[in-house]
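Visitor: Please pick one part and take me through it closely. Give me the cut-offs behind the terms as you go.

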There are 2 protein chains.
Amino acid sequence: MSYPKPLRRLSSLLSRLPGIGEKSATRLALHLLRMPPSVARELGESIASLHNAVIRCSTCFNIADEDPCAVCSDPSRRAELICVVEGPTDIVPIEKSGEYRGRYHVLGGAISPIDGVMPDDLHVKELLDRVARGGIEEVVIATNLTAEGESTASFLAGALRPSGVRLTRIAYGMPVGADLEYADEVTVGRAMKGRREM
Amino acid sequence: MSYPKPLRRLSSLLSRLPGIGEKSATRLALHLLRMPPSVARELGESIASLHNAVIRCSTCFNIADEDPCAVCSDPSRRAELICVVEGPTDIVPIEKSGEYRGRYHVLGGAISPIDGVMPDDLHVKELLDRVARGGIEEVVIATNLTAEGESTASFLAGALRPSGVRLTRIAYGMPVGADLEYADEVTVGRAMKGRREM
């Protein structure tokens with residue numbers, strides 16, 4: 001005996017989500033079937049309409065409730081400072097840090113020829129246009145400190161250099177609270193290179 | 001900075017699913033937003049339409065691809081034998097055991113006054129009707145071996161007794177492969193009471 005087709009189809013779709021294996025996908029599908037139909041319908045419609053419901057700011061490309069987004073339209077944030085990130089989730093820890101009061105630019109990923117992601121697939125042109133329109137003093141490149149993030153940072157630095165704008169990269173170093181003993185040598189090496197006067 | 005409203009709404013709906021906490025709900029919602037819109041739409045519509053797409057057998061109330069279900073319409077299965085279970089998932093292990101070649105009756109839950117589930121909320125009347133129509137020799141009550149499952153079994157036994165049909169209950173005992181040392185005393189007690197000639 002196998003479960004009905006619509007249930008198996010849903011299980012197979014659910015199992016593509018991160019952290020959901022085949023067994024828990026079946027368990028979830030059965031749970032959805034036991035839920036009141038109205039609740040399952042609400043959840044389903046919320047997923048189906050997600051892409052259309054979530055607005056993207058036409059200036060910084062962050063996901064937003066309105067366009068321009070709350071950060072881009074906030075006069076108390078420094079308009080001459082742009083922080084470039086790969087995705088909307090990267091903005092959360094930066095905002096939480098309280099160390100940044102400028103605006104953002106969301107690339108929508110990192111350059112990765114192996115995955116077929118080229119500069120034209122990201123919001124790179126829009127960043128160059130933003131800088132070209134003037135009024136920008138500094139671009140902080142905060143792409144991830146991974147191979148893809150680093151090549152994206154180099155690429156952006158090259159493309160932005162001619163504009164004469166100040167280009168910075170977030171610092172490499174030891175994470176706060178980390179033990180030197182357990183840190184990987186590349187991080188320790190970068191932390192040593194980046195040492196500052198006390 | 002907080003995520004846009006449609007995303008937060010989806011997270012809150014996802015966090016009601018079993019095994020999905022608040023953090024993983026947000027992570028899932030963001031992942032869905034990163035997926036191709038067509039894939040997210042397919043998943044969403046599959047959830048939204050689930051209750052309408054899954055057919056229930058009008059004889060045994062199991063979820064099915066067609067009505068009557070494959071078991072009820074299989075002439076090689078003993079029609080005079082009905083196994084009563086709480087839900088469709090309970091049928092899977094019974095089928096896997098290979099020890100049962102009769103048909104089923106899915107109650108849709110167990111009687112639980114505390115949760116407001118009374119006999120009228122389950123497919124109890126339909127079971128009595130099935131037995132009353134004749135041709136049934138034995139009803140195996142395979143509700144769970146929990147407080148709710150046990151009271152449901154007693155209730156059904158009382159309701160079916162007048163029909164004169166043979167009533168059986170699946171056996172309590174030690175799970176196969178279990179260590180006596182680690183078994184709970186209630187299970188061991190039941191296994192002792194249910195001991196059989198060798």
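Guide: B:Val139 has B:Leu167 as its bridge partner in β6(B). This is a predicted model, where local features need pLDDT of at least 70 and side-chain atom pairs pLDDT 80 or more, while totals for chains, interfaces and linings use all residues. Residues are numbered from 1 along each chain as its sequence is written, chains are lettered from A and ligands numbered from 1 in written order, and side-chain values use heavy atoms, without hydrogens and water.

Back to the strands. β5(B), residues 138-141, runs parallel to β6(B), residues 166-169, and four bridges join them.

Now the meeting of the chains. Chain A brings 49 residues into contact with 50 of chain B, contact being heavy atoms within 4.5 Å. About 4600 Å² is buried between chain A and chain B, and carbon and sulfur atoms give 73% of that area. (Buried area is the accessible area, 1.4 Å probe, that two parts lose on being put together, summed over both.)

Charges meet here too. The rule finds four salt bridges across the interface of chain A and chain B. (A salt bridge puts a side-chain nitrogen of Lys or Arg within 4 Å of a carboxyl oxygen of Asp or Glu.) One of them links A:Arg9 and B:Glu42, with the closest N and O atoms 3.7 Å apart. B:Arg9 and A:Glu42 also form a salt bridge, 3.7 Å from N to O. That pair runs from helix α1 of chain B, residues 5-14, to helix α3 of chain A.

α3(A) gives the most, 11 residues. By class, this side of chain A has 31 nonpolar, six polar and 12 charged residues. (Nonpolar: Ala, Val, Leu, Ile, Met, Phe, Trp, Tyr, Cys and Pro; charged: Asp, Glu, Lys and Arg; polar: the others, Gly among them.)

Conventions. Two strands pair if DSSP finds at least two bridges between them. Helices (H or I, at least four residues) and strands (E, at least two) are DSSP runs, numbered from the N terminus.
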